[in-house]
Amino acid sequence: GVDAKELLSSVSQEARGEERVAVSMDALQDLDFASLGKQHPPLGRFLRPWKPRVGQASTFSTTIDWKDPVALLELSRAILVVHFGVRTWEVPLNRLIPPIPNRFEYLCWVNELLGQSPRELSAVAPVTGVDIGTGASCVYPLLGHKAFGWQWLASEADPVSFQHAERNVKSNGLEEAVHIIRVEATSGSGHFDEGGAGRAPGPLLLALRASGRAAHSLTTTDPTFAFCVCNPPFFSSIAEATGNPHHACTGAEVEMVTSGGEERFVGDIIEDSMELGRTFLWYSSMVGKKQTLKHVLRMLRQRNVADTRTRVVSENARTRRWLVAWTFHDLARTARDEDKVFSKKRKRADTLTSGAEKEGDDCSDWATVCALPRELSFEAVLERVQAVQEVRRFSHLEWRSTLAGEPVTQLGLAIQPPRVGIGISVFICGREEEAEQGTSKPSRDNTFVLELQITDHGTQHGWQLEQRFCTGTWLRGYQVLVDSLPGEIGRTNRRWRRLLQQGHLPAAVAASPPQGL
């Protein structure tokens, strides 16, 4: 077969007259959209005014519509052109549009890992990485070559994505540095069959075999590749993939969904790595759920992989991801606390002063519930919030506030009205009651904590209510409550309209109904 080093030309970036770009992660994490729009005019038409939420340390006043896939595409293109010197870049709207800061942060972490093993890295010349499932964007090879001068072998199973990835490489003149390899689609193929007769190759082995590269044995002394990266299909069903109403979802099913979800896909890469051994200096992958990261680390421990590293990606961004890397080389143990997500020093103080125990993942993004007219008093707003407890869909709802740690029954007595622009939070703790042997017994496994923030935006904008999921495992109960909140608090749903028509609302409420009634 053709050797990988013959596939990936050893002609250096400097020899071709190219210069590496110097990009600051800080600049990418807090983007100045207005400035970016001036440098890349096509982005300008998607910009809109924006006021940072209370507590957000940003001085910028523009943003984009995060639900508009065309705007997201233009934003990613602008970052690539302005910050990374990419000439042209096209992705169809029915394929994944990658968030560039998120992807670049992954590669910066890989670069840190490589810097911790200079002796082993010297055996890989030029520094070569493998991108498992590069997608139509081919974003990892483009970023990695522009910023670090890395060579790439990138695999892709989807024919549409494969064609666009090749086009993005050729249009930027990177044919000598980036090679796109077409592979067959997999569906959890890397697991042993039920009879234990053998194991089909996983996504990493498929990429190497398709490139003509024979797999090395576990006894290989020096690495052939510096690393592999992967943005796996996060979901096990299309319903799960399209379940977030607050973000545009442009990916095709082949990119987002795989049998067994991301956990099984990364498990296949782990099995491949067990066969490839020291062929790679570092194996790595991104995951979309913190729980998946725990399961992946357990799989690695079960296979006696001692040297693992983890990292949180875009910790303060709209969407949080996690990274995991492992190696079979005897490297100096220089792992820092920030290289381990579950390091004791990384554990954050519980921000829920209500004392609710954190049992699940970290808080999700804020989502708007509704707006109420400023003519309503703060006490009236709280009364509407408390009235949600009358919805007969829950066995138990408990209310807590940031200013009073004990459960309260009259929220207006426990919370002081917020000042203009300052939000007050109420934590709603939902618990499902499970019948056990004829009795009603609370189940700690069926709980959730939702934070509801009430903000006074003055007479012009009125009261703004936002919510976010904080912790727990009773996701169905949380979703039912979230679906109920706009109609219940805004009093625009059928139940409240019927009460208004029947004259059952309190006189003060009926005399001044909110807009929409």
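1. F448 and Y478 are both buried, that is, under 20% relative accessible area with a 1.4 Å probe and protein chains only (over 50% is exposed, in between partly exposed). The model is a predicted one, in which local features need pLDDT of at least 70, side-chain atom pairs count only at pLDDT 80 or more, and totals for chains, interfaces and linings use all residues. Residues are numbered from 1 along each chain as its sequence is written, and side-chain values use heavy atoms, leaving out hydrogens and water.

2. There are 15 aromatic pairs in the structure. Rings of Phe, Tyr and Trp (its six-membered ring) pair if their centres lie within 6.5 Å; planes under 30 degrees apart are stacked, over 60 edge-to-face, and the rest tilted. The W150 and W152 pair is tilted, because the ring centres are 6.2 Å apart and the planes stand at 55°. Both of these residues, W150 and W152, are buried.

3. The pair of F448 and Y478 is edge-to-face, with 6.1 Å from centre to centre and 70° between the planes. This pair links distant parts of the chain, 30 residues apart: F448 lies in strand β13 (residues 439-456) and Y478 in helix α17 (residues 475-490). Helices (H or I, at least four residues) and strands (E, at least two) are DSSP runs, numbered from the N terminus.

4. Ring pairs also join F84, F104, F148, W150, W152 and F227 into a cluster.

5. Helix α14 (residues 378-387) is mostly covered, with seven of its 10 residues buried. Among them are F378, V381, L382 and V385.

6. Mean pLDDT, the predictor's confidence in each residue from 0 to 100, is 75 for the protein, and 67% of its residues reach 70 or more.
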